Amino acid sequence: MFSALKPQPADKILALMGQFKADPRADKIDLGVGVYKDATGHTPIMRAVKTAEKLLWEAETTKTYTGLAGDPAFNAAMADLVLGGTVDAGRISSVATPGGTGAVRQAFELARMAAPQGRVFVSDPTWPNHLSILKHLGMEAVPYRYFDADTRAVDFAGMIADLAAARAGDIVLLHGCCHNPTGANLTLPEWEEVAALLEKTGAVPMIDIAYQGFGDGLDADAAGVRLIANRLPEVLIAASCSKNFGIYRERTGALIALSDPARQEVTQGTLAYLNRQNYSFPPDHGARLVTMILTDPALRAEWEAELEEVRLGMLTLREGLATELKRLSGSDRFGFLAQHRGMFSRLGATPEQVERLKTEHGIYMVGDSRLNIAGLNATTVPILAKAVIDVGV
Ligand code: PMP
């Protein structure tokens, strides 16, 4: 039977990780995989997470099952983190999921259950896993223009023109902040316009928010989600705790669905049903740490302070890189690096230039020239800048 299986395409980013590991050069630089790294290249356990783990180890008395939706305290804390208390609790359904990926998968499945013929509008480009999960589920992905290759900013006119084709039954997938892979994001007035368009089309927005706190701050990064949540009657939100709590391997995320209060019970039941079909109970350890941190004032303050250090560190690297490239190129054409937000920027290099950066300079980034800003430090910023100019970007 297994002889009928076909080889599946390798995940390009994971393959790149393997190539980097195998590269013997001591001065190689990894700007590939989307993981936060400090100046020494280490992905640390956040201080508040370490403290919460100790407290949890001391206090936890059972590992029996949680509910199908996960711990209600986690769901409430996550709804509060993302929505900031701006949405009436009667509209909110929520479940814990294995990471943001689990939430994305369940959101697509819910959409398919509700509207089997519905399409999913996705930014061009988007996180490749969006496309791969949609393909796996047999759902149609419709790309909408998003990134202007010349300015490296959002092609907002193109985006609005393309989204006008969405209709009731369709999903419009938006990145809440820190767009992956481009780093280019909507302004608040642009979110307003998207909300108005969605109202007109009747399509349901789905917001993937995987980097809250990595862009302009916890509240600023959620401003678009909150605006959409308050303007549209039905909204899906997939939130990840992997990056902002640094708990990648704990697989912690939440799927939040907003509906008419009259539909809340059925919506909540559907989310729990989807958990049941896919894996029964969602992972609990990371969710419990997140709940402890978000609900304990001292732990929360410690977490917010460290998250802010991380965010500001990445901004400093962005500004440093933009400044160095301005100096070397004698032009402003790399100014977008300081405008982008989050862990990623799409540099706009050709695949050949990306290849040369790898072979000639030992600098690894994804083939579409997405670079992980957090992979840099004060020493490697000028090295990257020089290499970028050298390969002719
Ligand atoms: N959405 C986007 C846009 C992402 O970049 C990621 C992480 N790469 C995720 C969702 C999901 O992350 P995780 O499943 O690790 O929480």
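This is a predicted model: local features need pLDDT of at least 70, side-chain atom pairs count only at pLDDT 80 or more; totals for chains, interfaces and linings use all residues.
I started with the ligand shell, which by class holds four nonpolar, nine polar and one charged residues (Ala, Val, Leu, Ile, Met, Phe, Trp, Tyr, Cys and Pro count as nonpolar, Asp, Glu, Lys and Arg as charged, the others, Gly among them, as polar).

Residues are numbered from 1 along each chain as its sequence is written.

Next I checked who sits around the ligand: of the 14 residues there, Gly99, Gly100, Thr101, Ser240 and Ser242 come nearest (near means a C-beta atom, placed from the backbone, within 6 Å). Helix H4, residues 99-114, gives the largest share of the shell, four residues (helices are DSSP runs of H or I, at least four residues, and strands runs of E, at least two, numbered from the N terminus).

Then I looked at H2 (residues 47-59) and H11 (residues 285-295), whose axes come within 9 Å and cross at roughly 110° (axes are lines fitted to C-alpha atoms over the stretch in contact, with angles from 0 to 180 degrees between N-to-C directions). H2 and H11 are therefore roughly perpendicular (65 to 115 degrees; under 35 is roughly parallel, over 145 roughly antiparallel, the rest oblique). The contact has eight nonpolar, no polar and two charged residues.

Last, I looked up H3 (residues 72-83): its 12 residues reach 16 Å from first C-alpha to last, close to the 16 Å expected at 1.5 Å a residue (1.5 Å times one less than the number of residues). Just after H3, Gly84 takes a positive phi of about 60°.
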